[in-house]
Amino acid sequence: MGDTKTGSGVETLSKEKTRLKHPKQYKVILLNDDYTTMEFVVAILETVFKKGPAEAMQIMLQVHKRGQGVAGIYSKEIAEAKVSQVHERAHSDGFPLRCAIEEA
Ligand code: TYC
């Protein structure tokens, strides 16, 4: 009778007892490639992920050197929307930049 799988955010524990569940959080992971410019990645981090210039540069360099890095952590819906925005902007500017979602 618990609504654990309904996505309501409410878990029925027993008669007349409910508890709010923590909504799952998802990391948006930015992936390195050899063709997207550093300037474009910094601009994406500033505009889509609302990072300041210094943090955007730091994350971009981390991705460039290590292969991937966390652009931000959001609810599933917001994380999916961010991924779509990145892929749409990368495609329209002719860059192969990709990102992915991972449960935080
Ligand atoms: N490696 C790219 C270059 O040298 C820069 C880059 C950084 C690309 C981060 C993608 O997610 C990325 N131009």
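**Close-up views of the predicted model**

**View 1. Phe-95 lies in the loop between helix H3 (76-92) and strand S5 (98-103).** Helices (H or I, at least four residues) and strands (E, at least two) are DSSP runs, numbered from the N terminus. The model is predicted: local features need pLDDT of at least 70, side-chain atom pairs count only at pLDDT 80 or more, and totals for chains, interfaces and linings use all residues. Residues are numbered from 1 along each chain as its sequence is written, and side-chain values use heavy atoms, with hydrogens and water left out. Phe-95 is partly exposed, with a relative accessible area of 22% (buried means under 20%, exposed over 50%, partly exposed in between; 1.4 Å probe, protein chains only). The C-alpha atom of Phe-95 is separated by 9.9 Å from that of Val-41, and the two residues are 54 residues apart along the chain.

**View 2. Leu-31 has a backbone N or O atom 2.8 Å from an oxygen atom of the ligand.** A polar side-chain atom of Asn-32 lies 2.8 Å from a nitrogen atom of the ligand. For Thr-36, a polar backbone atom is 2.9 Å from a ligand nitrogen atom. Of the 350 Å² of accessible area that the ligand has on its own, the protein covers 89% (Shrake-Rupley method with a 1.4 Å probe).

**View 3. Lys-50 is found in the loop between helix H1 (38-47) and helix H2 (53-66).** Its phi is near 55 degrees, a positive value in a residue other than glycine. Most residues other than glycine have a negative phi. Lys-50 is exposed, with a relative accessible area of 64%.

**View 4. The protein chain has 3 helices and 5 strands.** Read along the sequence, the pattern is β-β-β-α-α-β-α-β. Of the 104 residues in the chain, 29% are buried.

Terms used
Polar contact = N/O pair within 3.5 Å; in protein donor to acceptor, adjacent residues only side chain to side chain.
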